[in-house]
Amino acid sequence: MIEAVGLTKRYGDKTAVYNLSFQVRPGAVTGFLGPNGSGKSTTMRMILGLDNPSAGTVTIGGHPYGKLPNAPRQVGALLDAKAVHGGRSARNHLLSLAQLSGIPARRVDEVLGVVGLQEVAKRRSKGFSLGMGQRLGIAAALLGDPQVLLFDEPVNGLDPEGILWVRNLMKALAAEGRTVFVSSHLMSEMALTADHLIVIGRGQLLADMSVTDFISANSADFARVRTPGTEPQQREKLTSALTEAGGHVLPEPDGALRVTGLPLPRISDLAHEADVRLWELSPHRASLEEAYMRMTQGAVDYRSTIDQKAGLMQPLPPGAQPPAQVPGQGQPGWYAPPPPQQGGQPFAPPQPPAPGQAPYGAAPQPYGAPGAVNPYAQPVPPAPAQPSAAPAAPENSAPTKSEDAR
Ligand SMILES: Nc1ncnc2c1ncn2[C@@H]1O[C@H](COP(=O)(O)OP(=O)(O)OP(=O)(O)O)[C@@H](O)[C@H]1O
């Protein structure tokens, strides 16, 4: 388990991470989400002992990274896929890492197979595409067969097939009981990959909850209502009737109305009573992406100052009226439904699980347990406590040699 308590990092005047406390548990994929510059990489660097916290602590299995015995066998990480000696082949890059940690050479070939780089193993990595570089970085993270894995934006540069592969790999690693911590700024991808989410903005915790809780806490139901486009007065009449009945009405860019706070049959009755014809009355659920955008919009450091939509707008046909402006339209988040728990605490952390209850559903399958299937790699013997305690190696698992010696 990874545990951060009051973690804070300042670079001069800049506070990159402030008072972060969270736990990342084994047996689950935990997504680490936040806009650009929100402090994800800084947090990961502190977990890995590459940066010292200005305040607070972060531990892996109860130890700071620097005090972990045989850390490369316990923790694997992909932080920067470009941090590779480009003149070395993929295989030699992995062999040099393996040699530093006393990992047998045959494990290099195993992980090359896992990430699908066998065919290009002898090519210099400087000629690799972004996606191939990501795969090489993932291979390096898996080298020591660690129980704890950290991946910083692992799907960057991958094509759809590669993204699916990473998604399945993360899930398989977690299903073996490992701790998998994955950063991303893509809510949609994390919704498909992660079991649990930690969301930060401007270095501070915004949410720490299961994906299921996040969806139910942040995805509000709403109705989309459309009146005949040629009769704007009908739409205004309906807006008044729905608002008077306690509904919350927001116009959408295409002229439809987004209604919350009223059930569909009531909206239909109110339209009938107001003598307004409807061309559409349909139930909808706000997407998780919208909920995430709403949650983090106040915590975005880098935002375009140009109206991206301006160039995409179609000119109105002659005589057509633009949609009516309503208070709030054009403000950040105007398109999003109101938070489901008005006045409540929509992003409160979940309650701790009851004693004896697995926090994320079924108990994780321990790696190497009898009958356990490793779906992506050949079985490997359990890691020795110390490299020097490694059993006598057969020919094909000889300890790695330095590049010069090869
Ligand atoms: N070495 C450093 N010196 C000064 N400021 C830094 C340093 N490293 C990070 N920062 C600042 O700390 C903040 C958090 O950066 P960080 O890279 O951790 O964010 P991030 O969430 O990983 O962003 P991204 O999604 O863009 O990778 C940023 O404002 C960044 O400019």
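A residue is near a molecule if its C-beta atom, placed from the backbone, lies within 6 Å of it. The structure is a predicted model, and in it the residues around the ligand include Lys14, Gly37, Lys40 and His185. The largest nonpolar core has 70 residues, and another core, of 13 residues, lies apart from it.

**Ligand shell**

- The residues around the ligand are Tyr11, Lys14, Ala16, Gly34, Asn36, Gly37, Ser38, Gly39, Lys40, Ser41, Thr42 and His185.
- By type, the shell divides into two nonpolar, eight polar and two charged residues.
- Strand S2 and helix H1 (40-47) each supply at least two residues of this shell.
- Helix H1 gives the largest share of the shell, three residues.

**Nonpolar cores**

- Within the largest nonpolar core, of 70 residues, those with the most contacts are Leu94, Ala139 and Leu197.
- Helix H5 (residues 130-142) contributes the largest share of this core, seven residues.
- Apart from this core lies another, of 13 residues, among them Val225, Leu257, Ala271 and Val276.
- Not counting residues up to four places away in sequence, alanine 139 touches Leu94, Val111, Leu112, Val114, Val115 and Leu117.

**Helix H5**

- Helix H5 has 13 residues and reaches 19 Å from its first C-alpha to its last, which is close to the 18 Å expected at 1.5 Å a residue.
- The helix is mostly covered, with 11 of its 13 residues buried.
- The buried residues of H5 are Met132, Gly133, Gln134, Arg135, Leu136, Gly137, Ile138, Ala139, Ala140, Ala141 and Leu142.
- Among the elements that cover these buried residues are strand S5 (75-78), helix H3 (90-101), helix H4 (105-115) and strand S6 (148-152).

- Strand S11 (residues 248-251) and strand S12 (residues 257-260) run antiparallel and are joined by four bridges.
- Proline 251 has leucine 257, in S12, as its bridge partner; Leu257 is also among the residues of the 13-residue core.

**Residues with positive phi other than glycine**

- Most residues other than glycine have a negative phi.
- Asparagine 19, which is not a glycine, has a positive phi of about 55°.
- This asparagine lies in strand S2 (residues 14-24).
- Asparagine 19 has 15 other C-beta atoms within 10 Å and is therefore partly exposed, since a residue counts as buried at 20 or more and as exposed at 12 or fewer.
- Aspartate 275 also has a positive phi, near 60°.
- Its place is in the loop between helix H10 (264-273) and strand S13 (280-285).
- Aspartate 275 is exposed, because 10 other C-beta atoms lie within 10 Å and the limit for an exposed residue is 12 or fewer.

**Asparagine 70**

- Asparagine 70 lies in the loop between strand S4 (55-60) and helix H2 (71-74).
- With 16 C-beta neighbours inside 10 Å, asparagine 70 counts as partly exposed.
- Asparagine 70 and glycine 102 are 32 residues apart along the chain, and their C-alpha atoms are separated by 9.7 Å.

How values were computed. Residues are numbered from 1 along each chain as its sequence is written. This is a predicted model: local features need pLDDT of at least 70, side-chain atom pairs count only at pLDDT 80 or more; totals for chains, interfaces and linings use all residues. Ala, Val, Leu, Ile, Met, Phe, Trp, Tyr, Cys and Pro count as nonpolar, Asp, Glu, Lys and Arg as charged, and the others, Gly among them, as polar. Two strands pair if DSSP finds at least two bridges between them. A nonpolar core is a set of buried Ala, Val, Leu, Ile, Met, Phe, Trp, Tyr and Cys residues joined through C-beta atoms within 7 Å. Two residues are in contact if their C-beta atoms, placed from the backbone, lie within 7 Å. The expected span of a helix is 1.5 Å times one less than its number of residues.
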